[in-house]
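Please look at the sequence and the structure before reading on.

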Amino acid sequence: MSTGLKIAVLGTGMMGLPMARRLAQAGHEVHAWNRTRAKAEPLAADGVTIHDQAADAVRGVDFAVSLLESGAIVGEVLFQRGVADAMPKGSLFIDMASIQPREAREHASQLQALGVQHLDAPVSGGTLGAEAGTLAIMAGGEAADFERAQPVFAALGRSTHVGPHGAGQLAKLANQMIVGITIGAVAEALLLAERGGADPAKVREAISGGFADSRILQVHGERMVNHDFAPRGRMTVQLKDMRNAMATADEIGFSAPITDLLEELYAEGVKNGLGDLDQAGLYVELQRRNALD
């Protein structure tokens, strides 16, 4: 039975496609747009209507969910491709991409001037979380809009209202700082063990359950010991997030030396051709530096 909600999903990549599918399976009327239409086409089997123009996807919607690549692209789709003008007055734009907090605040202000409400609600949990509906959703904006968005969030994971516009993006930057830094720590530790003559898979097993345990050790550490770097979240995306964190730190006068160092390591890995590997591919860059590849 239909819930009566009409939802547009803009951007149907690795995260957007399973999230759009979950919204459709939850009984919502879903409309989708992607710059490359072929990436959205599989959703037609789930009853999703595919559009060639982003503005057409949002006409008459209650909510539009954005899962685009960067703040600049979100701004382009909103204000140059006609999405903001096409959205009904009083509707809610939920930006679930990871962009800079400053950009989220700017988009919110521009949309509100047009009578459209805004939440920045980036997610953590990767493609597995998107498929399972177990994402961690960090929302910034008005409390009333957060409550309105609950039927959308309920199909996607666990949501927390963390503060005003931009606060969701700050929470995601904190998340990505911890993820990126911890991937580096796990990779370096396992490679040290290997160089010293220990089996890195057994070292990972031995330290599981102790103070060094983490989801990163379990998930990304397993990818490292198996040399499985098929992309779930790409190195290029992790680098973008680390750079957004550093830009935000600079804006607010905050020193972030650990993030700065890891940003340099991810940048070097991408420069060396690892950009399309999983985030855990930082392991490959550290292998190269230690002649362990």
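Helices (H or I, at least four residues) and strands (E, at least two) are DSSP runs, numbered from the N terminus. Glu-263 sits in helix α13 (residues 257–274), and Ala-108 sits in helix α5 (residues 101–113).

The model is predicted: local features need pLDDT of at least 70, side-chain atom pairs count only at pLDDT 80 or more, and totals for chains, interfaces and linings use all residues. Residues are numbered from 1 along each chain as its sequence is written, and side-chain values use heavy atoms, with hydrogens and water left out.

Buried means under 20% relative accessible area, exposed over 50%, and partly exposed in between (1.4 Å probe, protein chains only). Contact means heavy atoms within 4.5 Å. The table leaves aside neighbours within four places in sequence.

| Residue | Relative accessible area | In contact with |
|---|---|---|
| Ala-108 | 1%, buried | His-118 and His-165 |
| Glu-263 | 14%, buried | Leu-239, Met-242 and Arg-243 |

The C-alpha atoms of Ala-108 and Leu-78 are separated by 11 Å, and the two residues are 30 apart along the chain.

A nonpolar core is a set of buried Ala, Val, Leu, Ile, Met, Phe, Trp, Tyr and Cys residues joined through side-chain atoms within 4.5 Å. The largest has 33 residues, of which Ile-94, Met-96 and Phe-153 touch the most other members. Elements giving two or more residues to this core include β1 (6–10), β5 (92–95) and α8 (150–154). Helix α1 gives the most, with five residues. Another core, of 24 residues, lies apart from this one; among its members are Ala-54, Ala-55, Leu-68 and Ala-104.
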